[in-house]
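Dear colleague,

Please find below the sequence and the structure that I am handing over to you. My account of the findings follows.

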Amino acid sequence: NTKMQYFSGYQYNTLYDWDFFFESKVLLHLGIGYEQIVNGIKIFLANQESDGFIARLSIPTMDKLSGGDSCEHCKPFLTQTLMMLVANGKSVDWLTEDEYERLKKYIIYWIEKEDRDKNGLCIWRSAPHSGMDNQHVRCGWWGDCFCEGADLNSYLYMEINAFIQLAELWQQEDDVKLFRSY
């Protein structure tokens, strides 16, 4: 991972989940950055844990992160970022079968692990996780895990639809059916 070129808007070269998504939109608009976007997706997927969890930030030069941000699941934007490439006429031939499975597992983690009360709505783990960094009353401190954000569940809905599109491209009908059931 440390040799892969990627784009980060931060001088300390950290990849943050939705910052990466929005930065990718800008790069595509400018007609640059295809390789950096691909590499960013690969870096996030390479840091996936066995249960599907991906930390919402990645510092490719570090082996393991701990605390705060690293305990919160990557916001549901990775497949949307990938499908943005497709929408801009870019190839996804670089995506391996293992990476496809990792994307699937990361979304399933949201659905199975972050819907704590099984009511169909996933939770933000904290205000910083949601992007409302200092809105602790609304969304909690690190690990509070109570906010079933309408924003999060909308993002997740869009991520599931992006994965359905990817599964259709890959002709994975079982995955299309599974994700449509969510």
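**Helix packing and salt bridges**

Helices α3 and α7 are oblique to each other; in this classification, angles under 35 degrees count as roughly parallel, over 145 as roughly antiparallel, 65 to 115 as roughly perpendicular, and the rest as oblique. The model is a predicted one, in which local features need pLDDT of at least 70 and side-chain atom pairs count only at pLDDT 80 or more, whereas totals for chains, interfaces and linings use all residues. Residues are numbered from 1 along each chain as its sequence is written, and side-chain values use heavy atoms, with hydrogens and water left out.

**Helices α3 and α7**

Two packed helices are described by the angle between their axes and by the distance between the axes. For α3 (residues 78–87) and α7 (residues 150–169), the angle is about 50° and the axes are 8 Å apart. Here the axes are lines fitted to C-alpha atoms, for helices over the stretch in contact, and angles run from 0 to 180 degrees between N-to-C directions. The helices themselves (H or I, at least four residues) are DSSP runs numbered from the N terminus, as are strands (E, at least two).

The crossing of α3 and α7 is left-handed, a term used if the near helix is turned anticlockwise from the far one by less than a right angle, with right-handed used if clockwise. On the α3 side, the contact (heavy atoms within 4.5 Å) is made by Leu-78, Thr-79, Gln-80, Leu-82, Met-83 and Val-86. From α7 it involves Tyr-155, Met-158, Glu-159, Ala-162, Phe-163, Gln-165, Leu-166 and Leu-169. By class, the contact of α3 with α7 comprises ten nonpolar residues, three polar and one charged. In this scheme Ala, Val, Leu, Ile, Met, Phe, Trp, Tyr, Cys and Pro count as nonpolar, Asp, Glu, Lys and Arg as charged, and the others, Gly among them, as polar.

**Helices α2 and α4**

The axes of α2 (residues 34–46) and α4 (residues 97–113) come within 10 Å and cross at roughly 70°. That angle makes α2 roughly perpendicular to α4, and the crossing of α2 and α4 is left-handed. Lys-42, Leu-45 and Ala-46 of α2 make the contact with Glu-99, Arg-102 and Leu-103 of α4. Three of these residues are nonpolar, none is polar and three are charged.

A search of the whole structure finds nine salt bridges, a salt bridge being a side-chain nitrogen of Lys or Arg within 4 Å of a carboxyl oxygen of Asp or Glu. One of them pairs Lys-42 with Glu-99, with the closest N and O atoms 2.7 Å apart. This pair links distant parts of the chain, as Lys-42 in α2 and Glu-99 in α4 are 57 residues apart. Lys-42 is buried at a relative accessible area of 19%, and Glu-99 is buried at 10%. Buried means under 20% relative accessible area, exposed over 50%, and partly exposed in between (1.4 Å probe, protein chains only).

Arg-102 has a salt bridge to Asp-98, at 2.8 Å from N to O. Asp-98 and Arg-102 both lie in α4, four residues apart, about one turn of the helix. Asp-98 is partly exposed at 45% relative accessibility, and Arg-102 is partly exposed at 23%.

**Helices α4 and α8**

Helices α4 and α8 pack at an angle of about 15°, with their axes 12 Å apart, and are therefore roughly parallel to each other. The crossing of α4 and α8 is left-handed. Tyr-100, Lys-104, Ile-107 and Ile-108 of α4 meet Asp-175, Leu-178 and Phe-179 of α8 in the contact. Five nonpolar and two charged residues make up this contact, with no polar ones.

Lys-104 and Asp-175 form a salt bridge, their closest N and O atoms being 3.0 Å apart. Lys-104 in α4 and Asp-175 in α8 (residues 173–180) are 71 residues apart, and the pair links distant parts of the chain. Both Lys-104 and Asp-175 are buried. Salt bridges with shared partners join Glu-101, Lys-104 and Asp-175 into one network.

**Two loop residues**

Lys-118, a residue other than glycine, has a positive phi near 55°. Lys-118 lies in the loop between α4 and α5 (127–130) and is exposed, at 56% relative accessible area. Gln-171 also has a positive phi near 55° and is a residue other than glycine. Gln-171 is in the loop between α7 and α8 and counts as exposed at 66% relative accessibility.

With kind regards
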